[in-house]
Amino acid sequence: MDAGQTLPTGAHAGASSTATEHRVWQTAFAGTRWPMFRLVFGTGLLTVLTLGLYRFWQKTRVRRWLWSAVRPGGYPLEYVGDPYEKLLGFLIAVVILAFYIGIVNLLLMFASFAVFQGNFAAYLLSLVGVFPIWFYARYRARRYVLARTRWLGLRFGLEPGAWGYAFRALGHGVLTLITLGLLWPRMTFHLEKYRTDRTFFGETRMAQDGRWTMLFPALKWHFVTLGLTVIGSIGLAVSPANGWVLMVIAGITAIYSTVYYRVETLKRLTAMKRIGPLRLTLDAKPGKVFRIQAGGYTLAAVAAAFPTLVLLGLFLELQSLETLVELGLEDMPPVFAGLNRWLLIALSVMCYFAIFLLWSALTAAWVTLPLMRHYATGLSVTGTEHIATFRQRPRDEHMEAEGFAEALDVGASL
């Protein structure tokens with residue numbers, strides 16, 4: 001959509017045509033599990049057959065499908081990323097990172113041996129040196145994704161500031177560690193504010209209001225976990241059976257506390273965001289998110305267990321008799337007896353990739369998609385009668401696209 005072009009004043013799929021009633025637009029979600037499974041599994045298979053080259057096309061196709069399923073006010077999001085941008089960006093990032101890591105590690109190794117007569121300090125400093133690049137890559141990936149996302153024809157955007165984000169993340173991370181996690185909400189708020197205050201919808205800048213203390217109540221389940229852990233530790237000395245029960249419960253609550261914190265902070269932060277005259281509200285339930293993740297990952301693990309067991313059997317069949325004796329498996333039934341060695345190797349390779357294909361497709365269909373549906377259908381936009389006043393922003397160019405995120409695998413896929 002070009003600058004000056006008229007935007008829609010009403011919406012279908014749940015938004016009324018009158019000015020009074022369409023002030024609040026609810027978000028619909030149109031995707032279903034089976035098409036998602038087929039898309040991820042099929043593109044994953046092409047990625048394997050092309051030795052990983054198709055991964056950039058896979059990510060683009062999956063994003064386009066998911067983005068189009070999210071429809072605030074009935075109008076779908078659009079993802080217009082180019083796989084060739086991702087491929088070129090990945091190659092650029094690999095060259096830069098190879099040079100950086102090679103030179104830096106060489107200097108660190110030299111200094112470590114010269115000062116400490118060993119390489120431990122070099123490895124430790126090298127690990128620490130990766131953290132700012134990791135945060136830098138996440139910010140750059142977010143900037144690229146926003147620049148290639150549109151709604152109602154208007155582009156999103158994110159100002160440059162990756163290094164500022166990286167060093168702020170390191171500083172807040174150190175404070176969080178020093179305070180044993182008590183300042184975790186402070187880190188969450190300030191990093192989100194840094195990103196949000198640099199985000200645009202068209203030419204309109206977003207803003208993150210509020211204070212970091214509003215996120216502190218989201219830590220309540222962490223305190224519950226801490227209490228259960230302390231009581232369980234005491235119980236192990238008094239009554240081991242009851243102590244272990246409490247420790248198991250503490251482990252479950254530890255997982256739930258992380259989910260609860262992420263969902264609650266997201267809800268509170270979303271309620272305090274504004275895009276000019278627009279306001280956002282998110283109705284998400286931590287319990288449902290926890291059930292989606294627990295059920296989806298369990299299903300994926302059970303499904304991936306079958307090719308894993310077959311792969312284990314094939315691996316043992318390829319071992320020598322002496323190795324099986326050492327492992328105490330000389331009496332193992334010959335499940336794959338009669339197959340020649342090359343066929344066993346081929347079947348092993350197929351099972352190996354089948355594990356990852358099933359895992360990625362099942363988690364996409366039973367975790368990613370239900371989570372996006374839950375978050376999307378809980379999102380509402382208020383003040384939509386002003387959308388017609390929004391104007392387009394210029395297209396942002398990104399030579400390296402998500403290259404650093406791809407090269408470092410920072411988990412910024414979607």
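Colleague: Let's start with the second largest pocket: how does its lining split by class?
Modeller: Keep in mind that this is a predicted model. Gly goes with the polar ones here. By class, that gives seven nonpolar, five polar and no charged residues.

Colleague: Which helix hands over the largest share of that lining?
Modeller: Two helices, α7 (220-238) and α8, each put in at least two residues. The largest share is four residues, and they come from α7.

Colleague: Is the crossing of α7 and α8 left-handed or right-handed, then?
Modeller: As for the hand, α7 passes α8 in a crossing that is left-handed.

Colleague: Over to α6 (residues 184-196) and α8 (residues 240-271): which word describes how α6 lies to α8?
Modeller: The two axes come within 12 Å and cross at roughly 45 degrees. Parallel needs an angle under 35 degrees, and perpendicular needs 65 to 115. That leaves α6, relative to α8, as oblique.

Colleague: Which residues of α8 touch α6 there?
Modeller: This crossing is right-handed. From α6 come W184, P185, T188, F189 and E192. The contact residues divide into five nonpolar, two polar and one charged. On the α8 side, the partners are Y261, T265 and L269.

Colleague: What about α5 (residues 162-178) and α6: roughly parallel or roughly antiparallel?
Modeller: The axes come within 9 Å and cross at roughly 170 degrees. With the cut-off for antiparallel being over 145 degrees, the call is simple. α5 and α6 are therefore roughly antiparallel.

Colleague: How many charged residues are in the contact of α5 with α6?
Modeller: In α5 the contact includes R168 and H172, and these helices meet through α6 residues including R186 and R195. Arg counts as charged. Seven of the contact residues are nonpolar and five are polar. The charged ones number three.

Definitions and conventions
Residues numbered from 1 in each chain as written. Predicted model: local features only at pLDDT ≥ 70, side-chain atom pairs only at ≥ 80, totals over all residues. Heavy atoms only, no water. Axes fitted to C-alpha atoms, helices over the stretch in contact; angles between N-to-C directions. Left-handed = near helix turned anticlockwise from the far one by under 90°. Contact = heavy atoms within 4.5 Å.
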